[in-house]
Amino acid sequence: GRATSQISATTRAGSNDFHGALFEFLRNDKIDAREWLQSTGEKNPFRRNQFGGTVGGRIIRDRLFFLLNSEITTDRKTTEQNASVATTRMRAGDFSLAGRRIFDPLTRVYQVNPQGDERAVSAEAFPNQTIPRSRFNPKYEHLVKEFYSEQTVPGDTLVRNYLRNVGRAQDAEQSNMRFDFAENSKSNWFARYSWGHELEESPGTFPTQGTDTETTVRQAVLSNTRILSPSVVNDFRFGWNGFSNDRVGLQAYERNVQAELGIPGLFAAHPAAYGIPAV
């Protein structure tokens with residue numbers, strides 16, 4: 001095939017003798033360098049285990065055979081999340097150090113242009129570049145307090161003033177079962193069932209953010225090779241594939257934040273879309 005991700009795999013049949021194998025691959029942070037993007041704290045931990053086994057043999061000598069295998073991968077890593085967030089002063093309405101003036105929208109003066117469109121032409125600045133607490137919308141206060149963390153780097157800088165180290169988890173497991181049956185000297189059957197499951201928990205910038213990606217794959221094959229005559233051979237094969245992939249936010253199906261906020265026009269069309277909204 002021409003796809004870079006296409007893989008062809010051949011499964012092996014069992015035999016009259018019993019065979020098996022166990023394996024374990026380990027990676028960790030012991031001889032790793034510090035992550036080049038990490039700016040604070042000790043070296044972030046990392047541990048990856050990939051282990052499993054295979055066993056095969058006979059059920060009925062010379063007639064019925066089996067081969068089974070299973071593999072599990074666990075991946076744990078800590079990464080640094082960073083963002084540029086509103087400073088503590090700004091969250092309280094104080095924009096005196098923001099570098100630009102802010103204006104009171106309730107003092108706007110409008111004019112109608114020649115095309116008949118109404119345009120704001122002037123407004124009064126907030127005194128001391130500070131929005132009075134009485135003007136805070138309760139929806140804003142709920143959104144900021146519950147879902148957007150305060151700066152973790154002291155000072156009034158707006159650049160990378162929020163940092164946190166958070167764990168990321170990736171788990172995967174897969175299994176295969178194959179059975180071969182020698183019906184007679186002219187007919188051979190084999191059946192295989194394969195299953196795989198992956199779960200990736202990706203952290204977001206803030207503790208209330210993040211995504212869970214869950215993937216499940218299933219595949220089944222039934223095949224028969226039959227000699228019909230000295231010059232004719234028939235090969236029958238039936239295959240079935242199943243694929244399921246879900247990517248949802250951290251609070252999907254659990255917390256309808258859009259309904260909590262009550263902002264007109266902002267709603268979750270499905271429980272899968274629950275969680276912190278994009279603003």
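Before the details, two remarks on how to read the values. The model is predicted, with local features requiring pLDDT of at least 70 and side-chain atom pairs counting only at pLDDT 80 or more, whereas totals for chains, interfaces and linings use all residues. Residues are numbered from 1 along each chain as its sequence is written, and side-chain values use heavy atoms, with hydrogens and water left out.

Let me begin with the sheet. Seven strands make up an open sheet in the order S1-S2-S3-S6-S7-S8-S9, and their pairing is antiparallel. At its edges are strand S1 (19–28) and strand S9 (232–249), each of which pairs on one side only. Ignoring direction, neighbouring strands of this sheet are turned by 5 degrees against each other on average, where axes are lines fitted to C-alpha atoms, for helices over the stretch in contact, and angles run from 0 to 180 degrees between N-to-C directions. Strands here are DSSP runs of E with at least two residues, helices are runs of H or I with at least four, and both are numbered from the N terminus; two strands are said to pair if DSSP finds at least two bridges between them.

Within that sheet, strand S2 (residues 46–60) and strand S3 (residues 64–83) pair in the antiparallel sense over 14 bridges, and Gly52 stands opposite Glu71 in S3.

Turning to another pair, strand S4 (residues 109–112) runs antiparallel to strand S5 (residues 118–122), and four bridges join them. Val112 has Glu118 in S5 as its bridge partner. The two strands form a hairpin with five residues between them, and Gly116 in the turn has a positive phi of about 90 degrees. How far apart are the C-alpha atoms of Ser185 and Val112? They are separated by 94 Å, while the two residues are 73 residues apart along the chain. Ser185 itself sits in the loop between S6 and strand S7 (187–203), and Ser185 is exposed, with a relative accessible area of 69%; as used here, buried means under 20% relative accessible area, exposed over 50%, and partly exposed in between, with a 1.4 Å probe and protein chains only.

S2, strand S6 (162–184) and S9 are the elements that give two or more residues to the patch. Leu222 lies in strand S8 (residues 210–229) and is partly exposed, at a relative accessible area of 34%.

Now the charged pairs. A search of the whole structure finds 12 salt bridges, a salt bridge being a side-chain nitrogen of Lys or Arg within 4 Å of a carboxyl oxygen of Asp or Glu. One of them joins Asp171 to Arg76, with the closest N and O atoms 2.9 Å apart; this pair links strand S6 to strand S3 across 95 residues. Another brings together the side chains of Glu146 and Arg255 (3.4 Å, N to O). Glu146 lies in helix H2 and Arg255 in the loop between S9 and H3, so this pair ties together parts that are 109 residues apart in sequence. In the salt bridge between Asp180 and Arg178, the closest N and O atoms are 2.8 Å apart; Asp180 counts as buried at 12% relative accessibility, and Arg178 is buried at 12%. Finally, Arg48, Asp75 and Arg168 are linked in a network of salt bridges.

Most residues other than glycine have a negative phi. Gln129, however, has a positive phi of about 55 degrees; Gln129 is placed in the loop between S5 and H2 and counts as buried at 15% relative accessibility. Tyr253, in the loop between S9 and H3, has a positive phi near 70 degrees, and Tyr253 is exposed, with a relative accessible area of 52%.
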